[in-house]
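I opened the coordinates today and kept notes as I went. The entries follow the order in which I looked things up.

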Amino acid sequence: MRAAELDADLAAAIDEIESLGPPAWSDLSVEDARRLEDELFSGPPEPPVAEVRDRAFDGPHGEVPVRVYRSESAVDDSAASRALVHFHGGGWTLGTLDSVDGICRELATRADAVVVSVDYRLAPEHPFPVAVDEAAAAVSWIAEAADSLDVDSDRIGVSGTSAGGALAVAASLRARDVGDLPEPAGQFLLYPIAGHDFETDSYRENADGPLLTREDMRWFYERYLRSPVDAANPYAVPLRADHLGDLPPATVVTAGFDPLRDDGVALAERFGREGTAIEHRHYPAMAHGFCSLADRVDAAEAALSAVAADVRDRL
């Protein structure tokens with residue numbers, strides 16, 4: 001599941017990041033971690049898209065900001081567009097619309113889609129299940145606002161990186177089990193958080209990273225969950241679901257050097273075994289978060305293109 005060594009392009013990109021001397025997330029206060037995450041991942045608006053609009057909707061806990069990206073093809077096409085509701089990573093504790101701007105632009109451009117990035121409330125100020133509530137509300141709002149957004153309400157998928165992947169699965173589970181939101185047409189999950197066992201092979205092999213450590217994940221969960229009881233809730237920890245079948249078709253991306261690798265593999269395997277269509281894309285020489293480095297890492301470029309092709313095929 002893990003290559004003998006990191007991909008050379010990725011190793012060079014990681015060396016560049018680490019040369020800046022950033023401490024581990026788990027060594028920082030929440031405020032300092034948020035500031036560092038924004039500094040590291042907010043960049044110039046690339047690649048260009050036809051339109052970017054900031055909007056908001058009334059959610060169950062107050063107003064939720066969103067950013068809507070429209071590709072050139074989505075503007076030029078007279079038909080309503082496919083749409084992706086995207087949830088950023090950051091352990092439910094970090095992340096802004098700006099820090100996920102690049103990957104949303106990439107998805108909009110490559111998948112010929114309208115991408116709606118959701119600025120859900122963060123822990124510890126807003127612990128579980130607030131982010132899940134807002135993720136579900138975002139799917140509902142986009143379906144209700146389909147005409148004004150010029151999207152096809154039957155072609156709305158959910159996507160997410162890391163913690164955002166867990167939120168995407170939670171929205172799909174809630175649509176299936178509770179029925180208080182439309183069922184997404186597809187799930188596109190990039191190195192999702194799916195489990196709560198810190199002793200898997202991938203957690204042991206990649207305990208010190210790169211880019212994400214085992215202690216980081218403990219730190220994130222300690223801020224997100226209200227108590228250990230929440231770790232048994234499938235909306236917080238998808239692998240705790242009794243059944244992962246009858247969900248929207250899914251793409252799961254995993255990376256060999258990622259502490260979350262085995263959880264993502266287990267999620268993909270359970271999808272397939274229990275009756276959810278699955279495309280599992282595994283990259284043995286990659287690390288957590290690698291798709292955000294598509295401009296510097298050929299394998300990340302290929303992975304994003306493959307996910308975008310899945311979006312086009314399923315939506």
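**Entry 1: the hairpin**

I began with S1 and S2, which form a hairpin with two residues between them. The model is a predicted one. I read S1 as residues 51-59 and S2 as residues 62-70; the two strands run antiparallel and are joined by nine bridges. Within this pair I found Phe57 opposite Val64 in S2.

**Entry 2: the sheet**

Eight strands form an open sheet, and I noted their order as S1-S2-S4-S3-S5-S6-S7-S8 with mixed pairing. S1 and S8 (278-283) stand at the edges; each has a single partner strand, so one side of each lacks a neighbour in the sheet. On average, and ignoring direction, neighbouring strands are turned by 20 degrees against each other.

I checked several pairs along the sheet. S3 (residues 81-87) pairs with S5 (residues 151-161) in the parallel sense over six bridges, and His86 has Ser159 in S5 as its bridge partner. S6 and S7 also run parallel, joined by four bridges; here Leu190 has Val253 in S7 as its bridge partner. S7 and S8 pair in the parallel sense over six bridges, and I noted Ile278 in S8 as the bridge partner of Ala250.

**Entry 3: burial of S7**

How many residues of S7 are buried? I counted six of its six, so I wrote the strand down as mostly covered, taking buried as under 20% relative accessible area. In a regular strand the side chains alternate between the two faces of the sheet. For S7 I listed Ala250, Val252 and Thr254 on one side, and Thr251, Val253 and Ala255 on the other; all are buried, and both faces are covered.

**Entry 4: helix H11**

Next I looked at what lies across the sheet. H11 lies across S3, S6 (187-190), S7 (250-255) and S8, and runs at about 175 degrees to S8. I picked Ala306, which lies in H11. Its relative accessible area is 15%, so I marked Ala306 as buried, the limit being under 20%. Leaving aside neighbours within four places in sequence, Ala306 is in contact with Arg281 and Tyr283. I also took the separation from His61: Ala306 is 245 residues from His61 in sequence and 36 Å from it in space, C-alpha to C-alpha.

**Entry 5: H4 against H11**

Two packed helices are described by the angle between their axes and the distance between the axes. For H4 (residues 101-111) and H11 (residues 298-314) I noted axes that come within 9 Å and cross at roughly 55 degrees. That angle makes H4 oblique to H11. The crossing of H4 past H11 is right-handed. On the H4 side I listed Ile103, Glu106, Leu107, Arg110 and Ala111; they meet residues of H11 including Glu301, Leu304, Ala308 and Arg312.

**Entry 6: Met217**

Is Met217 buried or exposed? Its relative accessibility is 0%, so Met217 counts as buried. Met217 is found in H9 (residues 214-224). Not counting residues up to four places away in sequence, I listed Ile193, Phe198, Tyr203, Leu212 and Leu260 as touching Met217. Leu190 is 27 residues from Met217 in sequence and 16 Å from it in space, C-alpha to C-alpha.

**Entry 7: the annotation**

Last, I looked up the record. An unreviewed UniProt entry carries the annotation "domain: Alpha/beta hydrolase fold-3" over residues 84-291. Over residues 84-291 I noted 36% helix and 17% strand, with the end C-alpha atoms 17 Å apart.

Note on methods. Residues are numbered from 1 along each chain as its sequence is written. This is a predicted model: local features need pLDDT of at least 70, side-chain atom pairs count only at pLDDT 80 or more; totals for chains, interfaces and linings use all residues. Side-chain values use heavy atoms; hydrogens and water are left out. Buried means under 20% relative accessible area, exposed over 50%, partly exposed in between (1.4 Å probe, protein chains only). Contact means heavy atoms within 4.5 Å. Two strands pair if DSSP finds at least two bridges between them. UniProt positions are given in the numbering used here, feature names are shortened, and annotations may be inferred rather than shown by experiment. Axes are lines fitted to C-alpha atoms, for helices over the stretch in contact, and angles run from 0 to 180 degrees between N-to-C directions. Angles under 35 degrees count as roughly parallel, over 145 as roughly antiparallel, 65 to 115 as roughly perpendicular and the rest as oblique. A crossing is left-handed if the near helix is turned anticlockwise from the far one by less than a right angle, and right-handed if clockwise.
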